[in-house]
There are 2 protein chains.
Amino acid sequence: MQVAVIGANGGIGRELVPRLAETGHDPIGVVRDESQFGAVRERGGEPRLGDLEGEFAPALQGADAVVFTAGSGGDTGWDKTLLIDLWGARRSIDACVAHGIDRFVMISAYNASDPMAAPDAIRPYHVAKRCADDYLDWSPLEATILRPTALTDDEGTGQISAAFDYRDADGDEIPRADVAQTVVACLATADTVGETIRLFGGETPIEDAIRPNN
Amino acid sequence: MQVAVIGANGGIGRELVPRLAETGHDPIGVVRDESQFGAVRERGGEPRLGDLEGEFAPALQGADAVVFTAGSGGDTGWDKTLLIDLWGARRSIDACVAHGIDRFVMISAYNASDPMAAPDAIRPYHVAKRCADDYLDWSPLEATILRPTALTDDEGTGQISAAFDYRDADGDEIPRADVAQTVVACLATADTVGETIRLFGGETPIEDAIRPNN
């Protein structure tokens with residue numbers, strides 16, 4: 001599959017592009033700056049320009065699936081949270097609908113399940129993520145929403161703990177590499193379509209953990 | 001009807017509470033600070049405390065309809081736009097569903113129809129308003145969404161121009177008093193349930209302007 005990764009140069013995107021290439025997919029790395037093209041190519045991706053606040057939809061052309069892992073980051077203002085994390089995500093979903101791209105995997109955040117439960121300082125971020133998730137949920141796309149807990153740059157273990165939306169859950173931080181591997185596993189099956197899954201560090205092989213009846 | 005006005009001490013709320021009282025409704029003025037109770041009473045409303053970031057749902061108890069006209073205002077950060085204008089609106093909608101309050105009128109903003117068309121400086125605000133509107137639209141409530149253009153403190157004229165969502169429109173600024181009077185008119189009929197209406201200053205009597213087939 002041609003899989004477009006929006007935010008290909010972010011923490012999870014950098015882990016995801018090479019894993020997609022190794023699994024036999026053709027990753028498209030959507031980035032907002034041509035200076036990032038070389039880095040995308042080195043990881044096995046086809047770089048494309050896409051500005052979530054400007055010209056964007058053409059970057060997804062030809063894709064069979066889209067992964068949204070872009071974010072405005074912690075160094076910009078909350079205005080960018082509204083424009084990128086929320087509206088940029090909605091524009092990505094709209095672009096998929098317009099292009100007839102059915103499969104969408106959203107990298108969300110743990111407390112999007114209940115933004116009021118997030119610590120004060122990051123509550124607005126989780127409001128934005130939740131609203132983007134809901135827009136996806138209400139869209140006609142075949143969606144999987146992943147809500148990892150705190151992310152680390154540790155090496156991937158290939159093992160996680162996954163909690164489907166309706167279960168109580170709590171757990172350890174999780175390496176970005178394992179979140180990326182979870183995306184690859186989700187794209188390999190229709191099992192997680194329509195599911196919202198919280199992700200933790202854990203001891204269950206990823207392919208098993210994401211089965212709804214595991 | 002008991003009509004709860006969320007943001008009763010704001011620019012539109014101050015115009016709305018006395019108009020509701022004069023029309024034979026029992027307005028509940030929801031404010032976030034007890035120091036505003038006297039002002040609500042003077043305008044004919046029953047003041048109640050409601051904190052859109054904290055304890056809130058009890059303030060709506062007993063209401064037959066809710067009008068959301070709260071906003072974080074221009075002097076706070078975009079974090080408050082996410083927490084009040086967006087998440088606070090969603091909490092208000094959730095509280096109505098929980099309390100079995102069916103009728104909801106949302107005071108939105110003109111460019112919520114297309115946030116990317118808003119001037120840069122206020123685009124994030126219109127993203128928040130649009131996402132709140134959509135949440136209401138997708139809720140089971142009997143909703144009317146009003147999107148006034150630029151607001152003034154001029155005296156009300158009793159006349160406006162209204163454009164239902166599917167029509168092209170452009171027009172003059174509108175007094176807050178006329179927006180408030182439009183809310184009263186919407187509450188008097190089921191005609192605008194399910195409608196999203198842009199409001200401008202104009203020359204059509206309000207009761208006529210809000211008829212979908214006018």
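Here is a chat about the aromatic rings and the sheet in this predicted model.

Colleague: How many aromatic pairs turn up over all chains?
Modeller: A search of the whole structure finds five. One of them is Tyr135(A) with Trp138(B).

Colleague: Okay, how do the rings of Tyr135(A) and Trp138(B) sit, and what kind of pair is that?
Modeller: Their centres are 5.9 Å apart and the planes make 45 degrees, so we call the pair tilted. Stacked would need planes under 30 degrees apart, and edge-to-face over 60.

Colleague: Where do Tyr135(A) and Trp138(B) lie?
Modeller: Tyr135(A) is in helix H4 (residues 123–137) of chain A, while Trp138(B) is in the loop between helix H4 (123–137) and strand E6 (142–148) of chain B, so this pair joins two chains.

Colleague: Is Tyr135(A) buried or exposed?
Modeller: Tyr135(A) counts as buried, at 14% relative accessibility. Trp138(B) comes out at 40%, which counts as partly exposed.

Colleague: And what about the rings of Trp138(A) and Tyr135(B)?
Modeller: Those centres are 5.9 Å apart, with the planes at 40 degrees, so that pair is tilted. Trp138(A) lies in the loop between H4 and strand E6 (142–148) of chain A and Tyr135(B) in helix H4 of chain B, so here, too, the pair joins two chains. Trp138(A) is partly exposed at 39% relative accessibility, and Tyr135(B) is buried at 14%.

Colleague: Which residues do the ring pairs link into a cluster?
Modeller: Tyr135(A), Trp138(A), Tyr135(B) and Trp138(B).

Colleague: What lies over the face of Tyr135(A)?
Modeller: That's Arg90(A), at 3.9 Å from the ring centre. In chain B, Arg90(B) lies over the face of Tyr135(B), at 3.9 Å from that ring's centre.

Colleague: New topic: how many strands form the open sheet in chain A?
Modeller: Nine, in the order E3-E2-E1-E4-E5-E6-E10-E8-E11, with mixed pairing.

Colleague: Which strands stand at the edges?
Modeller: Strand E3 (46–49) and strand E11 (204–205) of chain A do; each has a single partner strand, so one side of each has no neighbour in the sheet.

Colleague: How many bridges join E1 to E2 in chain A?
Modeller: There are five, and strands E1 (residues 2–6) and E2 (residues 26–31) of chain A run parallel. Along them, Ile6(A) stands opposite Val30(A) in E2(A).

Colleague: What does helix H1 of chain A touch?
Modeller: Helix H1 (residues 11–22) packs on the sheet and touches E1, E2, strand E4 (65–68) and strand E5 (103–107) of chain A. Its direction makes about 170 degrees with that of E1(A).

Colleague: And which strands does H4(A) touch?
Modeller: H4(A) packs on the sheet, touching E4, E5 and E6 of chain A, and its direction makes about 165 degrees with that of E5(A).

How values were computed:
Residues are numbered from 1 along each chain as its sequence is written. Chains are lettered from A and ligands numbered from 1 in the order in which they are written. This is a predicted model: local features need pLDDT of at least 70, side-chain atom pairs count only at pLDDT 80 or more; totals for chains, interfaces and linings use all residues. Side-chain values use heavy atoms; hydrogens and water are left out. Rings of Phe, Tyr and Trp (its six-membered ring) pair if their centres lie within 6.5 Å; planes under 30 degrees apart count as stacked, over 60 as edge-to-face and the rest as tilted. Helices (H or I, at least four residues) and strands (E, at least two) are DSSP runs, numbered from the N terminus. Buried means under 20% relative accessible area, exposed over 50%, partly exposed in between (1.4 Å probe, protein chains only). A charge sits over a ring if NZ of Lys or CZ of Arg is within 6 Å of the ring centre and within 35 degrees of the ring normal. Two strands pair if DSSP finds at least two bridges between them. Contact means heavy atoms within 4.5 Å. Axes are lines fitted to C-alpha atoms, for helices over the stretch in contact, and angles run from 0 to 180 degrees between N-to-C directions.
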